[in-house]
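Please look over the sequence and the structure shown here before reading on.

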Amino acid sequence: MDEFNLHVIGCGSALSMHGRHPSAQVIQYNNVYCLIDCGEGTQDRLREAGIKPFKIDIILISHLHGDHVFGLPGLLGSFGHLKRTEPLSIYGPAGIKGMLESIMTYSNMKVPFPLHIYENSPTGLQPLWSDTDIEILTFPLNHRVACNGYLFKETKSKVKFRKEKVEAFSLTPEQIKAVGRGEVVTIGGEMISASSFIYPPQAPMSYAYCSDTRYDQRIKSYINGVSVLFHEATFMHDKADLAELTGHSTARQAGQMALEVNAACLITGHFSSRYKDLEPLKLEAEEVFNHVIVAEEGKKYNLKSLLYSD
């Protein structure tokens with residue numbers, strides 16, 4: 001089974017309180033490491049989480065509010081001091097390029113590695129990056145400033161062999177390849193279907209990142225059917241008016257979005273510093289959706305294990 005992991009680096013909102021820090025998380029898909037948002041102090045918490053920063057080759061910034069981007073100049077500066085040579089690609093909304101270039105110019109920051117900065121102002125679901133197994137897309141959220149959501153999608157179903165059957169029939173490497181292609185194989189004069197040697201295929205896995213945003217029906221078409229949804233839950237629903245005013249969502253609205261897009265699992269985050277205890281937010285989301293996980297900083301989630309078991 002391919003690795004598809006979420007490392008929560010920061011799950012708080014603007015103020016660092018109750019052991020929660022500004023937004024940052026890492027999606028790891030096999031050897032691809034992607035940092036999503038980079039709040040203040042992210043590079044320190046990456047080390048605490050055991051993630052080597054040089055492994056990160058893609059950074060996605062949702063928007064230019066400080067709790068999502070103030071850690072990025074420091075991270076780039078550290079890359080320079082440590083003589084990074086690997087290329088780095090940064091994607092974000094309009095303004096990210098000018099912001100970073102100004103900081104690098106006025107601080108005389110040295111960047112001794114290829115740095116590619118891409119600005120995106122999506123009006124729908126827009127592809128950003130892909131390889132043979134996974135693709136990253138972006139879509140618009142509804143915040144006070146331009147804000148991008150991100151969607152990670154496996155590009156095809158995965159074949160998982162029944163090891164005991166392969167060994168019992170002593171399949172040759174050529175036969176294993178044929179089974180992987182779904183072909184019938186002949187063993188001892190008997191024709192045996194590929195399904196005898198593989199588990200039922202798992203649907204391609206997907207993960208959506210929606211922070212910061214109001215509850216917005218338009219988002220549904222971009223992430224419908226997503227396997228795991230990360231959706232901000234800044235406030236309890238008694239603060240729904242404040243959420244609307246500030247461009248955020250309530251825990252109940254996060255649960256409602258998960259329900260309406262047919263997600264298999266909801267992970268909530270971006271919690272207001274007014275809440276020390278997050279259990280009430282979890283319970284509120286569970287009023288409308290039954291598989292809710294409250295993001296915990298420093299924790300690594302195997303996203304596939306949330307849905308499948310071997």
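Leu76 counts as buried, because its relative accessibility is 2%, where buried means under 20% relative accessible area, exposed over 50% and partly exposed in between, with a 1.4 Å probe and protein chains only. The model is a predicted one, in which local features need pLDDT of at least 70, side-chain atom pairs count only at pLDDT 80 or more, and totals for chains, interfaces and linings use all residues. Residues are numbered from 1 along each chain as its sequence is written, and side-chain values use heavy atoms, with hydrogens and water left out.

Leu76 lies in helix H3, residues 72-81; helices (H or I, at least four residues) and strands (E, at least two) are DSSP runs, numbered from the N terminus. When neighbours within four places in sequence are set aside, Leu76 is in contact (heavy atoms within 4.5 Å) with Leu88, Ile90, Leu100, Met109 and Phe113. Between Leu76 and Met104 there are 9.3 Å in space from C-alpha to C-alpha, while the two are 28 residues apart in sequence.

The backbone of the loops comes next. Most residues other than glycine have a negative phi, and most peptide bonds are trans. His18, which is not a glycine, has a positive phi of about 60°, and this residue sits in the loop between strand S1 (4-10) and strand S2 (24-29), where His18 is partly exposed at a relative accessible area of 36%. Ser170 likewise has a positive phi, near 50°, in the loop between helix H5 (163-168) and helix H6 (173-180), and Ser170 is exposed, with a relative accessible area of 55%. Finally, Ser211 and Asp212 are joined by a cis peptide bond with omega of about 0°, and Asp212 belongs to the loop between strand S12 (206-210) and helix H7 (220-223).
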